[in-house]
Amino acid sequence: SKREIKIRKLDSTKVRPLKTEQLLHIEDHDFALRPGFGGSPIPVGIDVQVESIDSISEVDMDFTMTLYLRHYWKDERLSFRSNKNKSMTFDGRLIKKIWVPDVFFVHSKRSFIHDTTVENIMLRVYPDGNVLFSLRITVSAMCFMDFSRFPLDTQNCSLELESYAYNEDDLMLYWKHGNKSLSTDEHISLSQFFIEEFSASSGLAFYSSTGWFNRLFINFALRRHIFFFVLQSYFPAMLMVMLSWVSFWIDRRAVPARVSLGITTVLTMSTIMTGVSASMPQVSYIKAVDVYLWISFLFVFLSVIEYAAVNYLTTIEERKQLKKRGKASGMYSMDAVQAMAFDGCFHDTDVDMDLSPFPEPCEENETRASQTNISNTDTPRLKRKRSLKGNVGRIILQNNHVIDTYSRIIFPSVYIVFNFFYWGLYI
């Protein structure tokens, strides 16, 4: 009746198949089953074009890559008649109605198919049933990195493809064009790495509950650029070590100058080491940069210990000399350096100075000397002032301990040998 015809037209659950679906006979077959179900495994060729490597993360030990993933197989159920033998191209809406390989990325953390402005999916069907299925995917996958030579390291990463449900008895994955199946964009570059090579390989993966699966590998080697770390870590560490050697040329009596210089270099080295460790994963083994920074820190620390030894031995030596002079003359006589430490004034070593139990301030001594010998221009004090101005370097050298003299040679020599050994070992 007319009423029944009207109800059928209003029924939205019954949709007539499209012309393309009628041409491909989609309604006549069960595409839940793979092509050739029950027979030999269906071969699926893979072709990959790497568009970009977006990032490499040492902290998370992963990489992010954008690529075009193409599948090739033959499904005779999709064959159709064509007078001109031309293929038909479809978008992603037809994918849900036919069988496609269930390839996934092993060790992937996250991945997605680009969907701007529509899903980046292309399906091309040939009259004989050959199918080309292409996707544009961004995937983040794990890369097991070894940082024992960081930052002079080369990392080998791989992106692995495998069928999730079909083992080798049902599906055989292979590279469509052998080694030429993997192609890359010529403009691929990274800020911290140089891409040395891309290669394709294949193998088998075994699971105890499901059996053997074909697996394809996209292998690439990344060599780290060293210049960034030379500027940020190695060069500042070298400067701090050389700055710590300046204390060997400072008078051993200048305690504030030498101590503050040593503490400043130690704290700066600690800051450099903390900054490098903050950008790295907390691994349980020693990295190459750790070796360099810790040995540089040891050189800076030893320069502080060196002055502690110099100051201690100098004090012991002066006490012995003071005791000997006291026994010989019956009172305590001092040289120029000792007298300056006691009364704060510089005294010439040529003048024998004896301290009474109640020494007078140096200002009173200067006033008395100026009143008695004001007209004498060749007084010893004026001679001392002139000699001080012209022989500052000689005075500093004479007032340095023998340990400082040896340190000026030993510290730079050992550090240069260490640098030659370090860069020769890791480069």
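Two strands count as paired if DSSP finds at least two bridges between them. Strands (E, at least two residues) and helices (H or I, at least four) are DSSP runs, numbered from the N terminus. This is a predicted model: local features need pLDDT of at least 70, side-chain atom pairs count only at pLDDT 80 or more, and totals for chains, interfaces and linings use all residues. Residues are numbered from 1 along each chain as its sequence is written, and side-chain values use heavy atoms, with hydrogens and water left out.

**View A. An open, antiparallel sheet of four strands.** The strand order is β4-β8-β12-β11. β4 (103-106) and β11 (193-207) stand at the edges; each has a single partner strand, so one side of each lacks a neighbour in the sheet. Neighbouring strands are turned by 25° against each other on average, direction ignored. Axes here are lines fitted to C-alpha atoms, for helices over the stretch in contact, and angles run from 0 to 180 degrees between N-to-C directions.

**View B. The β11-β12 pairing.** β11 pairs with β12 (residues 211-224) in the antiparallel sense, over 14 bridges. F206 stands opposite W212 in β12. Strands of a sheet pair through backbone hydrogen bonds, either parallel or antiparallel.

**View C. W73 and W99, an edge-to-face pair.** Rings of Phe, Tyr and Trp (its six-membered ring) pair if their centres lie within 6.5 Å; planes under 30 degrees apart are stacked, over 60 edge-to-face, and the rest tilted. The whole structure holds 26 aromatic pairs. In the pair of W73 and W99, the ring centres are 5.9 Å apart and the planes stand at 85°, so the pair is edge-to-face. W73 lies in strand β2 (residues 62-74) and W99 in the loop between β3 (88-90) and β4, so the pair ties together parts 26 residues apart in sequence. Both W73 and W99 are buried (under 20% relative accessible area; exposed is over 50%, partly exposed in between; 1.4 Å probe, protein chains only).

**View D. Y234 and Y292, an edge-to-face pair.** The distance is 4.9 Å centre to centre, with 65° between the planes. Y234 sits in helix α3 (residues 227-244) and Y292 in helix α5 (residues 288-329), 58 residues apart. Y234 has 1% relative accessibility and counts as buried. Y292, at 0%, is also buried. Both belong to one aromatic cluster, whose members include W245, F299 and W423.

**View E. Helix α4 and its buried residues.** α4 (residues 255-278) has 24 residues. From first C-alpha to last, α4 reaches 35 Å, close to the 34 Å expected (1.5 Å times one less than the number of residues). Among the buried residues of α4 are R258, L261, M269 and V276.
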